[in-house]
Amino acid sequence: MTTPDGRETGDQLPTAREVVESLAINPDTVLKAYRELEREGLVEGRPGMGTFVRQGVAGATLAEHTRLRRGLEVWVREARAAGLDQEDLRALFAVVLADAAKEAVA
């Protein structure tokens with residue numbers, strides 16, 4: 001999947017030092033941004049190797065992605081409170097995804 005900046009899943013991001021040097025911004029700002037991307041599940045740090053794109057948010061802005069994630073987190077908490085375990089959550093989510101795919105085809 002392509003990210004809004006044209007990167008593909010698996011692409012390596014520039015190091016924080018490279019970003020700081022090319023943009024002349026505070027290193028803490030770059031590190032904070034990289035941590036936020038990792039927290040959102042969009043990139044992953046690999047010790048000794050760098051930071052790599054895990055997935056893109058094509059079709060949704062980062063703000064939309066964050067909003068949807070928060071909504072999903074609420075849903076998960078509600079489902080847990082209703083007694084569903086992780087396997088139940090996965091099964092229910094898979095059914096909903098399959099139903100949505102069928103609706104998109106129809």
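Colleague: In which strand of this predicted model is Thr51 found, and is Thr51 buried or exposed?
Modeller: In this predicted model, Thr51 is found in strand β2, which covers residues 50-53. The relative accessibility computed for Thr51 is 16%, and the cut-off for a buried residue is under 20%. The strand asked for is therefore β2, and the state of Thr51 at 16% relative accessibility is buried.

Colleague: Which residues is Thr51 in contact with, once its neighbours within four places in sequence are left aside?
Modeller: With those neighbours within four places left aside, the contacts of Thr51 include Asp11, Gln12 and Leu13, and they also include Tyr34.

Colleague: Where is the place of Glu44, and which residues does Glu44 touch, not counting residues up to four places away in sequence?
Modeller: The place of Glu44 is in strand β1, and at 30% relative accessibility this residue counts as partly exposed. Not counting residues up to four places away in sequence, Glu44 touches Glu38, Gly50, Thr51, Phe52 and Arg54.

Colleague: What distance separates the C-alpha atoms of Glu44 and Gln12?
Modeller: Glu44 and Gln12 are 32 residues apart along the chain, and the separation in question is taken between their C-alpha atoms. That separation is 9.6 Å.

Colleague: Which residue meets Glu44 in a salt bridge?
Modeller: The side chain of Glu44 makes a polar contact of 3.0 Å with the side chain of Arg46, and these two side chains also meet in a salt bridge, with 3.0 Å from N to O. Arg46 counts as partly exposed at 30% relative accessibility, and Glu44 likewise counts as partly exposed at 30%. The partner asked for is Arg46.

Colleague: Which residues are linked with Arg39 in a network of salt bridges?
Modeller: The side chains of Arg39 and Glu36 meet in a salt bridge of 2.9 Å, N to O, and both residues lie in helix α2, three residues apart, which is about one turn of the helix. Arg39 also forms a salt bridge with Glu40, where the closest N and O atoms are 2.9 Å apart. By relative accessibility, Arg39 at 46% counts as partly exposed, as does Glu36 at 34%. The residues linked with Arg39 in the network are Glu36 and Glu40.

Colleague: Is Glu40 buried or exposed, and which residues is Glu40 in contact with beyond its neighbours within four places in sequence?
Modeller: The place of Glu40 is in the loop between α2 and β1. Its relative accessibility is 4%, and because the cut-off for a buried residue is under 20%, Glu40 counts as buried. Leaving aside neighbours within four places in sequence, its contacts are His65, Thr66 and Arg69.

Colleague: Which face of helix α1 do its buried residues line, and which helix do they pack against?
Modeller: In helix α1, residues 16-23, the buried residues are Ala16, Val19 and Val20. Seen down the axis of α1, these buried residues fall within an arc of 100°, so they line one face of the helix. On the other side of α1, Arg17, Glu21 and Ser22 are exposed. The element against which the buried residues of α1 pack is α2.

Colleague: Why is the phi of Ala24 worth a remark, and what is its value?
Modeller: Most residues other than glycine have a negative phi. Ala24, which follows α1 and lies in the loop between α1 and α2, is exposed, with a relative accessible area of 69%. Its phi is positive, in a residue other than glycine, with a value near 55°.

Colleague: Which residues make the nonpolar surface patch, and what is its area?
Modeller: One of the residues is Leu72, whose place is in helix α3, residues 62-81, and Leu72 is partly exposed, with a relative accessible area of 37%. Leu72, Phe93 and Leu97 make the patch, and its area is about 260 Å².

Colleague: In what order do the elements of the protein chain run from the N terminus on?
Modeller: The protein chain has four helices and two strands. From the N terminus on, the order of these elements is α-α-β-β-α-α.

Terms used
Residues numbered from 1 in each chain as written. Predicted model: local features only at pLDDT ≥ 70, side-chain atom pairs only at ≥ 80, totals over all residues. Heavy atoms only, no water. Buried < 20%, exposed > 50% of the residue type's maximum accessible area, 1.4 Å probe, protein only. Arc of directions from axis to C-beta. Contact = heavy atoms within 4.5 Å. Patch = residues over 30% accessible without salt bridge, like charges linked within 9 Å, V, L, I, M, F, W, Y side chains within 5 Å. Areas by Shrake-Rupley, 256 points an atom, 1.4 Å probe, with all protein chains shown as cover. Salt bridge = Lys/Arg side-chain N within 4 Å of Asp/Glu carboxyl O. Polar contact = N/O pair within 3.5 Å; in protein donor to acceptor, adjacent residues only side chain to side chain.
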